[in-house]
Amino acid sequence: MRCSQSELVSSWLALQYTMLDSTEHEQLFWAFEEVDELCRSSPDEAWAFIVAAWNMDKSQAVAENLSAGPLEDLLATHGEYVIDRVEAHAAADPSFAFLLGGVWRNVMTEDVWSRVERVRDRRGWDGLPFPASQGL
């Protein structure tokens, strides 16, 4: 990682609110690339990033980009390695179960995907209102 976790989290979150093709988006795009690399090669750091980012910003924009981006990528690439902690975190934090609701199967194994399906909360992703208790 070329920066601190807090700098990566804040830069990635800021990127989610920029306009495509803007100067600010170009300046922050390194954060996307860094997180993408973590999801491929450093599952523990990627997991720490995902949890930190979600704890810092539980907006709809972040939910959509974090679930269908880094979280889905981490599960697709290192699902067998991280699924136990994903299940435990979803059980302890309903907002994380909601975040899992935006994950698609991608190339996850049948076992990993079925475990994700058991702990995720699809409310808010199927046209139902976002759970108010989660601040979304």
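Predicted model: local features only at pLDDT ≥ 70, side-chain atom pairs only at ≥ 80, totals over all residues.
Leaving aside neighbours within four places in sequence, which residues is Arg2 in contact with? The first view has the answer.

View 1. Residues are numbered from 1 along each chain as its sequence is written, and side-chain values use heavy atoms, with hydrogens and water left out. Arg2 is in contact (heavy atoms within 4.5 Å) with Trp30 and Glu34, once its neighbours within four places in sequence are set aside. Arg2 and Glu34 sit 32 residues apart in sequence, yet their C-alpha atoms are 8.1 Å apart. Arg2 belongs to the segment before H1; helices here are DSSP runs (H or I, at least four residues), numbered from the N terminus. With a relative accessible area of 59%, Arg2 is exposed (over 50%; buried is under 20% and partly exposed is in between, with a 1.4 Å probe and protein chains only).

View 2. The disulfide count is 0, taking a disulfide as a pair of cysteine sulfur atoms within 2.5 Å. For Cys3, the nearest cysteine sulfur is that of Cys39, 14 Å away. Cys3 is buried at 14% relative accessible area. Cys39 is buried too, at 2% relative accessibility.

**View 3. The largest nonpolar core.** Think of a nonpolar core as buried Ala, Val, Leu, Ile, Met, Phe, Trp, Tyr and Cys residues joined through side-chain atoms within 4.5 Å. The largest one has 38 residues, and those with the most contacts inside it are Phe49, Leu66, Leu75, Phe96 and Leu100. At least two residues come from each of H1 (5-15), H2 (23-41), H3 (43-56), H4 (60-92), H5 (94-100) and H6 (110-119). H4 gives the most, with 11 residues. Zoom in on Phe49 and, beyond its neighbours within four places in sequence, you'll find contacts with Gln5, Leu8, Val9, Trp12, Val35, Leu66 and Pro70.

**View 4. H2 against H3.** These two helices pack at about 130 degrees, with axes 6 Å apart; axes are lines fitted to C-alpha atoms over the stretch in contact, and angles run from 0 to 180 degrees between N-to-C directions. On the H2 side, Val35, Leu38, Cys39 and Ser41 make the contact, and on the H3 side Pro43, Glu45, Ala46 and Phe49 do.
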